[in-house]
Structure formats: C-alpha cells, structure tokens
Amino acid sequence: MTHKIAAKYIKNVEFNIPSAKSFFLLSKKIEDYKINIDIKSKQIKENIIEIEIDSSLKPTKDKKEVINSKIVYSVLVELEKVPEKKELEKIILIEIPDKVYPELRECFMLLFEKSGFKDIKIDSEIDFEKLYSKNKS
C-alpha cells in the first residue's frame with residue numbers, strides 16, 4: 001500500500017431549512033434531491049495531502065423552496081512514497097472517496113433524520129471510478 005488515512009473529520013456543515021412552509025413542501029418531495037460530490041486536494045507536507053469531499057444535496061428539478069445542505073468531509077492521507085501523477089489522481093478521486101463515502105452518507109442521513117425528514121434516500125453507493133473515467137473523457 002502506498003498510502004494510509006491518517007485522520008478524517010467533518011470540516012464544515014451547512015444546513016438551512018428556510019421556513020416551516022419549506023419544510024412541509026420539501027418533506028413531501030425530498031426524493032427530488034440527489035447528492036452532488038466535489039473533490040479537492042492540497043498538499044499539507046511533503047508526504048501528507050488533505051482531500052476535501054464536498055457533498056451537497058441538490059434538487060433535480062427547479063424549486064422555489066430549497067434546502068441548503070452541505071458537508072465538507074476532510075481526509076488527511078499519509079503517502080509512504082510520492083506516487084506518479086496518475087496513481088495519485090486515482091488515490092484522491094477514487095480510492096479515498098470510496099473508503100469514506102459510507103461515513104459521509106451516514107452524516108447526511110443523521111442530519112436529515114434529526115431535522116424531521118423521514119424518507120430521505122441518499123445513494124448508498126457511488127461509483128467513483130466511473131465518475132473518474134467519465135470526467136477524464
């Protein structure tokens with residue numbers, strides 16, 4: 001193995017239900033939301049990188065009433081040796097997100113459930129390799 005997760009934590013949480021009316025309208029249409037993922041990385045030290053997985057729920061249809069929900073999950077990765085660019089890209093965009101997504105999803109689920117949403121459905125799996133390949137082409 002060329003890397004290991006040294007630490008992971010929730011870096012930022014944003015959650016806003018604009019009004020009671022919004023809550024009632026959206027609780028009936030929460031299935032119209034899909035998870036959106038953005039991944040960024042930066043070098044902290046020579047052998048440590050920080051990977052930020054910015055996830056938010058976005059409406060699939062135009063909505064007047066929307067929930068602002070976003071979690072930034074940060075993962076510090078220690079590299080045993082500096083890999084080639086392509087291998088590092090795969091670590092950042094496929095391997096690490098794939099490993100931590102279940103925890104990130106659990107955070108979203110808990111946040112929504114504790115906010116009164118009963119039927120929240122967030123994809124239990126995301127094919128990060130497929131997304132990587134799609135973005136490369």
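## Largest pocket

The largest pocket is lined by 13 residues, and those nearest its centre are Ile 37, Ile 39, Phe 128, Leu 131 and Asn 135. E2 and helix H3 (128-136) are the elements that give two or more residues to this lining. The volume of the pocket is about 310 Å³.

A pocket here is an open set of points on a 1 Å grid over the protein atoms alone, where a 1.4 Å probe fits, with protein on both sides within 12 Å along at least five of seven lines; lining residues have an atom within 4 Å of a point. The volume is the space filled by probe spheres set on the points, with grid points joined across faces, edges and corners.

## Model and numbering

This is a predicted model, in which local features need pLDDT of at least 70, side-chain atom pairs count only at pLDDT 80 or more, and totals for chains, interfaces and linings use all residues. Residues are numbered from 1 along each chain as its sequence is written, and side-chain values use heavy atoms, leaving out hydrogens and water.

Helices (H or I, at least four residues) and strands (E, at least two) are DSSP runs, numbered from the N terminus.

## The sheet

Four strands make an open sheet. Their order is E1-E4-E3-E2, with antiparallel pairing. Strand E1 (3-16) and E2 are the edge strands, each pairing on one side only. From one strand to the next, the twist averages 15 degrees. Axes for this angle are lines fitted to C-alpha atoms, and angles run from 0 to 180 degrees between N-to-C directions. Two strands count as paired if DSSP finds at least two bridges between them.

E1 pairs with strand E4 (residues 68-79) over 12 bridges. Tyr 9 faces Ser 74 in E4. Ile 10 stands opposite Tyr 73 in E4. Ile 48 has Glu 78 of E4 as its bridge partner.

## Helix H1

Ser 22, Phe 23 and Leu 26 are the buried residues of helix H1 (residues 20-28). Seen down the axis of H1, they fall within an arc of 100 degrees, so they line one face of the helix. The arc is taken from the directions from the helix axis to the C-beta atoms. Buried means under 20% relative accessible area, exposed over 50% (1.4 Å probe, protein chains only).

The buried residues of H1 pack against strand E2 (33-45), where contact means heavy atoms within 4.5 Å. Ala 20, Lys 21, Phe 24 and Lys 28 are exposed on the other side of H1.
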